[in-house]
Amino acid sequence: MAEKMVDIIAFVADKDVFMTEIIVRRYGFMATTAKRYLRRLAGFGYLKALGGNKNRTYKFVEEEPK
């Protein structure tokens, strides 16, 4: 699991904002799996979640998480 999250971080590092669907298409995950990874990465401080559940987007956090 940690390796997949590192791959996701590397993939989104150059994107302004992105939705779950881009991770689903890129890695072939089920939507629930992609959401779980993105929630964990947001919880760890690597991503910032923006918007509500239906229109949620994520933004890569440039600085190191605390």
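The radius of gyration here is taken over C-alpha atoms, and the globule rule is 2.2 Å times the number of residues to the power 0.38. The model is predicted: local features need pLDDT of at least 70, side-chain atom pairs count only at pLDDT 80 or more, and totals for chains, interfaces and linings use all residues. Numbering runs from 1 along each chain as its sequence is written, and side-chain values use heavy atoms, with hydrogens and water left out.

**Stop 1: the whole chain**

Select the protein chain. With 66 residues, a compact globule would have a radius of gyration near 11 Å; the chain has 11 Å, so the two agree. The C-alpha trace spans about 30 × 25 × 20 Å along its principal axes.

Now show contacts (heavy atoms within 4.5 Å). Among those between residues at least 6 apart in sequence, 40% join residues at least 24 apart.

**Stop 2: the surface**

Colour by burial: buried is under 20% relative accessible area, exposed over 50%, partly exposed in between (1.4 Å probe, protein chains only). Of the 66 residues, 27% count as buried.

**Stop 3: helix α2**

Select residues 20-27, which form helix α2. Start at Thr20, buried at 7% relative accessibility. Leaving aside neighbours within four places in sequence, Thr20 contacts Ala31, Ala34, Lys35, Leu38 and Tyr58.

Move on to Ile23, also in helix α2. Its relative accessibility is 0%, so Ile23 counts as buried. What does Ile23 touch, not counting residues up to four places away in sequence? Ile8, Phe11, Val12, Phe18, Gly28, Phe29, Ala34 and Leu38. Draw a distance from Ile23 to Met5, 18 residues apart along the chain: their C-alpha atoms are separated by 11 Å.

**Stop 4: the salt bridge**

How many salt bridges does the structure hold? One. The criterion is a side-chain nitrogen of Lys or Arg within 4 Å of a carboxyl oxygen of Asp or Glu. Select Lys15 and Asp14: their closest N and O atoms are 3.5 Å apart. Lys15 is partly exposed at 23% relative accessibility; Asp14 is exposed at 62%.

Notes
Helices (H or I, at least four residues) and strands (E, at least two) are DSSP runs, numbered from the N terminus.
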